[in-house]
Amino acid sequence: MIDSAKNLKRSSVEREGTQDHKRVKTDGDAKMEAKWNPYLAHYKEDRDNEGFRSPLDDFERHKTTALQAANAESEDNNPWTGNPHSQQYFNILKTRRDLPVQKQRQEFLDMYHKTQILVFVGETGSGKTTQIPQYVLYDELPHQTGKLIACTQPRRVAAMSVAQRVANELDVDLGEEVGYSIRFENRTGPKTLLKYMTDGQLLREAMHDHDMSRYGCIILDEAHERTLATDILMALLKQIAERRKDLKIIVMSATLDAQKFQTYFFNAPLLAVPGRTHPVEIFYTPEPERDYVEAAVRTVLQIHAGEPEGDILLFLTGEEEIEDACRRIGLEVDDMIRESDAGPMAVYPLYGTLPPHQQQRIFDKAPAATRKGGRPGRKCIVSTNIAETSLTIDGIVYVVDPGFSKQKIYNPRTRVESLLVSPISKASAQQRAGRAGRTRPGKCFRLYTENAFKKELIEQTYPEILRSNLANTVLELKKLGVEDLVHFDLMDPPAPETMMRALEELNYLACLDDDGELTTLGGMASEFPLDPALAVMLISSPEFYCSNEILSITSLLSVPQIWVRPNNARKRADEMKQQFAHPDGDHLTLLNAYHAYKGAEQSGEDVKKWCHEHFLSFRHLSSADNVRAQLKRIMEIHEIELMSTPFQDKDYYTNIRRALLAGFFMQVAMRESSTSKVYKTVKDDQLVMIHPGTVVTSPYDWVVYNEFVLTTKQYVRTVTNIRAEWLLVSSPLPLSSSRCGSNDANYAQEIAPNYYDVDSFEKGEIKSALTRITEKIRRRQATRAGR
DNA sequence: GAGCACTGC
């Protein structure tokens with residue numbers, strides 16, 4: 001095996017001897033593959049260096065050695081393109097060969113040749129994400145087979161940045177031999193052989209290609225994170241592996257739980273490589289801490305006072321807590337500087353909803369000593385879990401871990417997902433501690449007892465699939481061709497009740513029929529990257545003459561809050577929001593803001609400035625625009641008509657409000673009494689208040705809401721006034737000027753005949769109210785008929 | 001009159 005840099009470049013004399021203008025070797029099969037595989041169709045034709053003879057021509061698939069590959073990598077010309085290698089390439093090659101994983105390349109290949117499924121474990125810094133796919137590339141030879149190599153990542157940024165890195169390592173242009181595919185961006189082309197992608201993206205593809213037939217090898221990276229998409233992919237791949245013996249699968253994970261993956265994948269063999277991290281000393285508190293924020297602030301100050309140079313990372317649970325802690329630390333450090341000549345300290349908050357330029361500040365250098373010979377400065381980052389997985393910060397030497405994070409919990413009985421501050425798992429605690437040892441030996445201060453760590457923390461955080469509403473997942477699985485959900489072999493099967501709830505919800509939405517089969521509507525809904533209720537609302541919207549408007553609202557509901565409300569300008573922000581307020585509710589207010597934004601854009605204004613002045617998030621509004629374009633394309637494919645009720649029409653807003661119900665009829669609440677602020681949700685009987693962020697001031701007795709949030713109280717957020725009649729009997733839409741030339745027969749809509757069968761309601765105020773309203777409608781209809 | 005851990009399609 002070639003390990004030293006001096007062997008990287010072989011003599012040019014030797015190379016010239018082998019350049020004999022032979023064409024690239026192809027066999028008939030490969031030509032066939034290349035023909036039907038859309039990714040490789042032009043591969044042969046497009047090769048730039050026709051006369052180039054690649055060392056790969058002598059490679060035999062699944063029989064290559066590490067030495068062969070290393071030799072090919074050391075050639076003057078790129079074996080994949082025929083172009084001469086750049087100097088940068090050789091520089092990178094040198095560092096690649098120092099990675100821990102490099103030593104086991106042959107061992108990896110031996111195992112890869114022998115088995116269909118392989119579990120690969122590598123700690124951070126082992127180089128697995130960049131190197132393993134390249135090792136596979138040199139053995140799988142996708143340019144001969146026409147089958148790509150895919151490597152999945154849980155996050156977009158990772159897919160993009162790793163693809164760029166590997167393109168550099170292979171000395172090719174990103175988007176050519178190496179590319180990536182994420183939502184809104186596909187940077188792959190006809191020459192692409194190795195493709196990084198998000199796990200969700202591969203899942204989307206699988207909906208139309210149940211065998212994942214484009215791929216010869218699929219690598220699932222960061223499998224230990226157990227995202228919903230990874231869990232579903234694993235179960236699918238387990239099935240596909242039986243049907244497609246030619247498909248290779250590699251499951252990559254951090255060390256934890258490797259055995260679970262092995263057992264799950266038919267006792268697949270395991271290969272482990274060490275990482276490259278420094279030791280981290282762990283400290284526990286002798287007694288449990290009552291107030292962890294207080295304890296955390298104190299610990300940070302103690303580190304600053306007593307420990308040598310090095311930056312601090314403190315984990316807390318949410319925005320408010322973090323901002324508060326930052327303020328307190330800042331004040332205390334000022335005192336320390338005055339009283340005991342402490343060094344300066346820069347304190348940075350870090351959480352997901354922080355705008356990117358503020359997130360970037362965490363990478364600033366720590367402040368220098370305030371005067372010559374003074375004590376050195378340091379920085380302290382106070383972060384949510386985002387610093388545990390998504391963002392790595394070099395230079396951290398001290399980690400303070402109070403042992404909590406906000407986690408999503410799903411209660412299938414009430415159908416409510418909520419965020420709850422909960423103790424983290426042992427695996428999380430280890431991950432956090434590891435953040436202290438990336439550049440040199442570090443220390444981790446756990447603000448709980450050693451006994452609590454050992455006895456009270458669970459081993460692993462529960463996978464997402466056990467903590468989520470599965471309506472979307474079940475719909476996806478149906479579309480993926482999974483017939484038997486009960487026996488679908490998930491690594492951690494969710495509670496049967498969660499599954500039942502999802503099936504029930506999809507049945508009410510008419511996405512599944514009474515036999516649990518996918519309906520036409522369900523099939524269409526699964527094509528949209530949306531929750532089923534939103535998808536159904538969007539698909540039904542032409543029946544209410546307002547698909548343009550519902551498309552906008554759907555997009556706005558799919559991105560983070562567009563309303564900006566800085567702490568120092570809340571009042572002005574609220575006043576601005578009032579300019580867009582629609583008396584009938586928050587959905588219409590969103591729409592008004594969006595229309596104003598588009599108006600500003602069209603009149604050539606500086607939109608960023610306009611957004612800033614109006615306390616709207618430019619970032620989120622433009623992202624909504626992106627989503628809108630994607631959804632619009634899907635609507636066009638399915639010939640879902642785009643139309644609007646004329647704005648002058650008195651029913652413009654009414655039609656939109658009714659259309660909301662086509663998807664959200666299960667998210668309706670009735671006011672307890674005409675003077676009360678408390679509402680009761682339909683069927684679940686939860687007592688809720690309207691979230692204070694609403695614009696609704698004169699609420700009707702009935703509202704439809706977008707989301708249920710559980711914080712200090714139970715709130716419903718983004719609400720719109722509705723009339724209960726709309727829920728009940730077929731009451732045709734007013735067909736004034738709003739017809740738009742469509743087929744009238746479709747427009748006598750019953751929103752959800754099954755759900756609002758009043759007889760099926762439990763006895764109570766809601767049932768009596770609905771019964772009264774039904775009676776009223778009947779009387780009215782009878783009077784009309786009798787006239 | 002309160003607050004949004006983090007991803008992804």
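How many residues apart in helix H25 are Lys598 and Glu601? They are 3 residues apart in that helix, which covers residues 586-602, and therefore they are separated by about one helical turn. Helices here (H or I, at least four residues) and strands (E, at least two) are DSSP runs, numbered from the N terminus.

Good morning, colleagues. The model before you is predicted: local features need pLDDT of at least 70, side-chain atom pairs count only at pLDDT 80 or more, and totals for chains, interfaces and linings use all residues. Residues are numbered from 1 along each chain as its sequence is written, chains are lettered from A and ligands numbered from 1 in the order in which they are written, and side-chain values use heavy atoms, with hydrogens and water left out.

I begin with the salt bridges. The term denotes a side-chain nitrogen of Lys or Arg within 4 Å of a carboxyl oxygen of Asp or Glu. The structure holds 47 of them. Our opening pair is one: the side chains of Lys598 and Glu601 meet at 2.9 Å, N to O. Glu601 is partly exposed, at 33% relative accessibility. On this scale, buried means under 20% relative accessible area, exposed over 50%, and partly exposed in between, with a 1.4 Å probe and protein chains only.

A second pair joins Glu169 and Arg96, at 3.3 Å from N to O. Glu169 belongs to helix H9 (residues 156-170) and Arg96 to helix H5 (residues 87-96), so this bridge ties together parts that are 73 residues apart in sequence. Is Glu169 buried or exposed? Glu169 is buried, with a relative accessible area of 2%, and Arg96 is buried as well, with 2%. Both residues also belong to a network of salt bridges, in which Glu73, Arg97, Arg105 and Arg165 are linked with them.

I turn to charged surface patches. A patch is made of residues with over 30% relative accessible area and no salt bridge; like charges are joined within 9 Å, and nonpolar side chains (Val, Leu, Ile, Met, Phe, Trp, Tyr) within 5 Å. Which residues form the negative patch? They are Glu483, Asp484, Asp514, Asp515 and Glu517. Glu483 sits in the loop between helix H19 (471-479) and helix H20 (496-508), and Glu483 is exposed at 55% relative accessibility.

The positive patch gathers Arg723, Lys776, Arg779, Arg780 and Arg784. Arg784 lies in helix H29, which covers residues 765-786, and Arg779 has its place in helix H29 too. Arg779 is exposed, with a relative accessible area of 52%. The C-alpha atoms of Arg779 and Ala150 are separated by 64 Å, and these residues are 629 apart along the chain.

For residues 109-274, the end C-alpha atoms lie 17 Å apart, and the span is 43% helix and 25% strand. For residues 296-481, the end C-alpha atoms lie 50 Å apart, with 35% helix and 24% strand.

Definitions and conventions. Areas by Shrake-Rupley, 256 points an atom, 1.4 Å probe, with all protein chains shown as cover. Lys, Arg positive; Asp, Glu negative; His and termini not counted. Charge placed at Lys NZ, Arg CZ, Asp CG, Glu CD.
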